[in-house]
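Please open the model in your viewer and keep the selection panel at hand.

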Amino acid sequence: MVRTKDVNTLVTEIVCDETNKSCMYRECTQCKDKVPNFDYTNDNGEQVKWFEWKTRREEIVDKGNDRSRTVTKTVKDQDQGTREVLASEINAEMQKACRHIFNIRNQYKALKYLRSNLTHEEIMVHIDFSENYACKYSDEIQSMHFGGSRNQLSLHTGVIYLRDEVIPICTVSDFLRHDPAGIWAHLTPILKYVTEDRNLTSIHFISDGPTTQYRNKNNIYLWGHKIAEYGFKKSTWNFLEAAHGKGAADGVGAAVKRAADQQVILKKNDITCAKDFYQLLSGGTSTSTVKMFLVEENELKKVDAELPSDLRPIPSTMKIHQMIIEGPDSFATKVVSCFCKHPTTLLCDCYQPDTHQLPPRKLPADDEGKQLKQATEETSKVKTSMVEKASSIQNYMCVAFLKTCAVY
Ligand SMILES: [Zn+2]
Ligand SMILES: [Zn+2]
């Protein structure tokens, strides 16, 4: 039917220019209707069979967890029809494949450029959640105490790129949330650490784009407001295309888990909680060179309190691959990343950027508490002066009444 097994060859057959977004997004008037050179020799209109990868959603229940969760499974399914039907299926797949291939190549190229051209004031942070770590006792028999469900730890791993330095990092917590509040609780010690003795003005994030974690309104809100807390004036967040292959953050996750297992097996240490994990991996006996941080549960609560509950979603969030902050109160989004005007500006005109207003910052709970206290003090001052006045006219009933008011 087609003379090649290589999808890249098929792409070259149907586009004018593989590096042009408009061709690859099938929007170019010159090539958008071009199809691969299908081979119809010996076609008598008979039925043919083919395999197709299909995704299915399934409900699963994790061990030791009562709640079910939905997972997407990819399965190989057989289909049949005429060669013409098969050709139209291939065409439909090619539309998606071209866009996907363009996104993968573009993100790789743009981020490689950024990394090689980082200034002294810039930092690039590539982050990802590693699979949770199951706690282990050095005495395996004791693991029976856990029953079916071992205690789990959450690991957020990454690599920090500075102009002249690369630092592998890992934050560990007992809470297992991978949502935006969880992400920013994990990012807090990292941002404190990198800004402690450096004069940084721009921060670039790189992550996958799952809508439950990094690519959603809550993460955008937290990103938009929290970077300024650490002195950053400009920022980008770059999403890697799905199925881009394993990244640097995966390597860090594997390395810390291996080092943790060595502590249990060779050094006979128990890892029962995040603190154990953190202490053993930052200690002198650890083989790991990954910079470790412990994230306490109260950090998560603080971030939770900062999140407004009425944020509106950003249109077409799923298509966004870059978000850019060039100044206060607003940000831009793009379908793919571009750094062609870097470092002068992070926001170039390429790929039709959309501008959005950043929702105003919700007052952190601490400030709210302070304001409330201040308001209460003011009210009590007023009440005291009323009490004094009341005393002067010796109206004991009134004084008693006002005192009661002041107490409340
Ligand atoms: Zn074209
Ligand atoms: Zn550009």
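Helices (H or I, at least four residues) and strands (E, at least two) are DSSP runs, numbered from the N terminus. The expected span of a helix is 1.5 Å times one less than its number of residues. This is a predicted model, in which local features need pLDDT of at least 70 and side-chain atom pairs count only at pLDDT 80 or more, while totals for chains, interfaces and linings use all residues. Residues are numbered from 1 along each chain as its sequence is written.

Select residues 83-116 to begin. This is helix α3, whose 34 residues reach 48 Å from first C-alpha to last, close to the 50 Å expected. Next, colour its buried residues (20 or more other C-beta atoms, placed from the backbone, within 10 Å of their own). Among them are Met94, Cys98, Phe102 and Leu114. The cover over the buried residues of α3 includes α1, α2, β3, β7 and β8, where contact requires C-beta atoms, placed from the backbone, within 7 Å.

Now move to β8, residues 234-239. How many of its residues are buried? The count is 6 of 6. Lys234, Thr236 and Asn238 lie on one side, and Ser235, Trp237 and Phe239 on the other. In a regular strand, side chains alternate between the two faces of the sheet.

Finally, show the neighbours of β8. Strands pair if DSSP finds at least two bridges between them. β7 and β8 pair in the parallel sense over 6 bridges, with Thr236 as the partner of His204. On the antiparallel side of the account, β8 pairs with β10 (residues 322-325) over 4 bridges, and Trp237 stands opposite Met323.

Note on methods: Chains are lettered from A and ligands numbered from 1 in the order in which they are written. A residue is buried if 20 or more other C-beta atoms lie within 10 Å of its own, exposed if 12 or fewer, and partly exposed in between; C-beta atoms are placed from the backbone. Two residues are in contact if their C-beta atoms, placed from the backbone, lie within 7 Å.
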